[in-house]
Amino acid sequence: MAKAVAALPLLLLVLYLSSGGDSARANEQKTWCVAKPSSDQATLLANINYACTHVDCQILQKGCPCFSPDSLINHASIAMNLYYQCKGRNQWNCDFRNSGLIVVTDPSYSDCIYA
């Protein structure tokens with residue numbers, strides 16, 4: 001099921017991976033984790049705080065490549081992806097209480113490269 005994600009810096013087509021699907025599917029190709037556009041601000045902030053206690057989120061600081069645009073959805077997506085990549089790219093590492101999406105389209109933009 002594809003859906004345009006207009007809230008992210010780049011318009012992305014994303015592919016939902018079914019929660020009951022085989023987690024090996026996500027590991028067969030390069031995937032990224034981003035925040036669902038429908039997530040509320042409290043959830044996005046909680047995701048940033050959680051992810052950044054487990055991974056280095058320095059790339060989000062002012063003056064760094066992924067600071068701009070300075071929005072919660074952008075910062076949450078980057079933090080969530082850092083966590084997802086660091087923890088092994090398993091579906092459960094992108095759940096974030098059902099506020100994460102696994103995508104197959106690279107969400108990198110400008111000088112902000114999603115690992």
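These legends describe close-up views of a predicted model.

**View 1. Confidence along the chain.** The protein averages a pLDDT of 83. A score of at least 70 is reached by 77% of the residues. Residues 1-27 stay under 50. For this segment the model has 55 contacts beyond four places in sequence. Where pLDDT is low, the predicted coordinates should not be read in detail.

**View 2. The largest nonpolar core.** This core holds 26 residues. Ile 78 and Tyr 114 touch the most other members. Two or more residues come from each of β3 (32-35), α2 (41-54), α3 (72-86) and β4 (100-103). The biggest share is that of α3, with seven residues.

**View 3. Surroundings of Tyr 114.** Residues up to four places away in sequence are not counted here.

**View 4. Helix α3 and its burial.** Of the 15 residues of α3, 12 are buried, so the helix is largely enclosed by the rest of the structure. Among the buried residues are Ile 73, Asn 74, His 75, Ala 76, Ser 77 and Ile 78. Ala 79, Met 80, Asn 81, Tyr 83, Tyr 84 and Gln 85 are buried too.

**View 5. Length and end of α3.** At 1.5 Å a residue, the 15 residues of α3 should span 21 Å. The end C-alpha atoms of α3 are 21 Å apart, which agrees. Gly 88 follows α3. The phi of Gly 88 is positive, near 110°.

Definitions and conventions:
Residues numbered from 1 in each chain as written. Predicted model: local features only at pLDDT ≥ 70, side-chain atom pairs only at ≥ 80, totals over all residues. Heavy atoms only, no water. pLDDT = per-residue confidence, 0-100. Contact = heavy atoms within 4.5 Å. Core = buried A, V, L, I, M, F, W, Y, C linked by side-chain atoms within 4.5 Å. Buried < 20%, exposed > 50% of the residue type's maximum accessible area, 1.4 Å probe, protein only. Helix = DSSP H or I, 4+ residues; strand = E, 2+ residues; numbered from the N terminus. Expected span 1.5 Å × (residues − 1).
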